[in-house]
Amino acid sequence: MVQSVFTSAFLLPIITLFFIGILASFKSRLSLIMRLTKIAPSIGLFSAVIGAFWVFDQGMVESSGISQYGLGLSLRFDQLSLIMYGMVSIIALVILRFSHNYLDGDAQHIKFLGRLSLTVALVQLLVLSGNVFLLWVSWVATSMALHRLLTFYPERKKAKLAAIKKFIVARIGDTAFLIAICLVYSVFHTGHLESIFVELKNLNTQDIPVQLELAAFLLVITAGLKSAQIPFHSWLLDVMEAPTPVSALLHAGLINAGPFLMIRFAYLLDVVSIAPIMLFAIGAATAFYGALVFTTQPTIKTALAYSSVAHMGFTLMVCGLGVYSASLLHLVAHSFYKAHAFLSSGSIVDQVQTKQASNFKRKGSIWRIILGFGIAISLYITIAQFWKINANTEYQVLIIGGIIFTGIISLLINAIDSSNYKFSTLIILVSTVGVLMSFFCLEQFMHSYLGNQIPELSVPTPFMMYLSGATLLLFFFTVLIQTLSPVLQKGNAFKNFGVHARNGFYAHLIIDRTIKSLLSKNYKI
């Protein structure tokens, strides 16, 4: 009975969104489609909230779908899938309503809403998948639906090129994902996620099959390609040619599939040795690169794209450390922030053009910068001690909190080094305490809520400790250089570095030139 209620409640919004896609292809009434695009995500959100309380109290619920040889179409309702389903429903509700007016008067308005609805439905199906077969099918289908949105205006050459780059990268990722699934199946002889997780929990960590090591490695590759990790990030910079709702859905929803995949297969990453290190290294390098380049971008949408690259890198890096609760927390927070940022980007531009944006100026005082660093470090140590973070058992949490705090350091120093430093410093100090306390509090809450859907935090290996510690120092040193920019910006070296950073250190050119050399001018997908 419970299984039937869950399946019906969560499939209804998905089926409705699929139905909207079918109606749009027959050019049905716009008013009917608009009403349905309001109702479907609302039902999904309501179901997610009720379901989240149920599974937290009663445990996971699974549907018994069609299955053959352990592969089939089953749904999994647990804490992770319901958080993701609810997040997607909220974002879909906002983006679909925004799209009602965005293309008002456009001859293809109905067609756009249909494609957008179909993509949302596939994302919802992806996060609810309870079998690797359905997971892979929905993974590929979501990517294909996104391709149709990216090529919505095929006459735009840049949009077409971006779609081709995304198509190639996605197919490589799909292939890696398929091979990984086959390797996991060869070990456990089932595609049922719960059966796989139970086997992984009982696995002897001293004798890990080589197939699982390789499968985890390929899953990391899959997640990295899906989440625009360097050097395969250039497609994300070019999709700005797509309509704004598509950019918002991509950056706030679809790009999160990589971290979601890592969290879903957390028990696999927990028993292997090479993949977590690789995941951390890729994520840390991408987070550092994206954060560095983001601050130099002159256009708001390109800056938001590099911001997404950095945030996805950070989220995967946190997965590599094994703090999956913090990764999910950051994923959800980033999704809501990025959806709002893209949908309101036009308003920000208007504010700048009408001189309504704040004009912040630094003094460049060395003593104030030193004072800011001293206050910031003392504040972080005090809060960590207040929260009783154990460096021996929660080393990874301290590292993550420290990296988050490096971003706050620059804000604090900017405030102290400004002309109106008393008022702005007070605001930043209060905000800093709020951000850090919120992080530690919400991370523990998320960890408690996820329960047995993720493994317990383990003591990191010495190599991982050194690697993560070096990463924290790298971020800290970068913030130090950025805060000294008023002093250093007069030098030619600093100016030249800024030019290279503004161009993303030309990393995207590697993929761009490779793809352009493989494709003819008349190439069509």
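**View A. K158 is an exposed residue of helix 6**. K158 counts as exposed because its relative accessibility is 59% (buried means under 20% relative accessible area, exposed over 50%, partly exposed in between, with a 1.4 Å probe and protein chains only). The residue belongs to helix 6 (helices are DSSP runs of H or I with at least four residues, strands are runs of E with at least two, and both are numbered from the N terminus). In sequence, K158 and D238 are 80 residues apart. In space, their C-alpha atoms are 6.9 Å apart. The model is predicted, so local features need pLDDT of at least 70 and side-chain atom pairs pLDDT 80 or more, while totals for chains, interfaces and linings use all residues. Residues are numbered from 1 along each chain as its sequence is written, and side-chain values use heavy atoms, without hydrogens or water.

**View B. The whole chain gives the setting for the close-ups.** The chain holds 23 helices and four strands. It has 525 residues, and 54% of them are buried. Take the contacts in the chain with a separation of 6 or more: 81% of them join residues 24 or more positions apart (contact means heavy atoms within 4.5 Å).

**View C. W139 and F177 form an edge-to-face aromatic pair**. The structure holds nine aromatic pairs (rings of Phe, Tyr and Trp, the last by its six-membered ring, pair if their centres lie within 6.5 Å; planes under 30 degrees apart count as stacked, over 60 as edge-to-face and the rest as tilted). For W139 and F177, the centres are 5.1 Å apart and the planes make an angle of 70°. W139 comes from helix 5 (residues 132-150) and F177 from helix 6 (residues 157-188), so the pair ties together parts that are 38 residues apart in sequence. Both W139 and F177 are buried.

**View D. F197 and F265 form another edge-to-face pair**. Here the distance is 6.3 Å centre to centre, with 85° between the planes. F197 sits in helix 7 (residues 193-201), and F265 in the loop between helix 11 (257-264) and helix 12 (266-271), so this pair ties together parts that are 68 residues apart in sequence. F197 is buried, with a relative accessible area of 3%. F265 is also buried, at 3%.

**View E. Charged side chains sit over aromatic rings**. The charged end of K226 lies over the ring of W139, 4.7 Å from its centre (a charge sits over a ring if NZ of Lys or CZ of Arg is within 6 Å of the ring centre and within 35 degrees of the ring normal). R171 lies over the face of F167, at 4.7 Å from the ring centre.

**View F. F10, F77 and Y85 make up one aromatic cluster**. Look for the three side chains together.

**View G. Helix 17 packs against helix 18**. Two packed helices are described by the angle between their axes and the distance between the axes. The axes of helix 17 (residues 366-386) and helix 18 (residues 395-416) come within 9 Å and cross at roughly 145° (axes are lines fitted to C-alpha atoms over the stretch in contact, and angles run from 0 to 180 degrees between N-to-C directions). Residues of helix 17 in the contact include I369, L371, F373 and Y380. Those of helix 18 include L398, F405, L412 and I416. By class, the contact has 14 nonpolar, three polar and one charged residues (Ala, Val, Leu, Ile, Met, Phe, Trp, Tyr, Cys and Pro count as nonpolar, Asp, Glu, Lys and Arg as charged, and the others, Gly among them, as polar).

View H. L118 and L146 are 28 residues apart in sequence. Their C-alpha atoms are 9.4 Å apart in space.

**View I. The loop between helix 8 and helix 9 holds A228 and P231**. Most residues other than glycine have a negative phi, and most peptide bonds are trans. A cis peptide bond joins I230 and P231, with omega about 0°. P231 lies between helix 8 (210-226) and helix 9 (234-238). A228 has a positive phi, near 60°. A228 counts as buried, at 0% relative accessibility.

**View J. H189 has a positive phi**. The phi value of H189 is near 60°. H189 lies in the loop between helix 6 and helix 7. At 57% relative accessibility, H189 counts as exposed.
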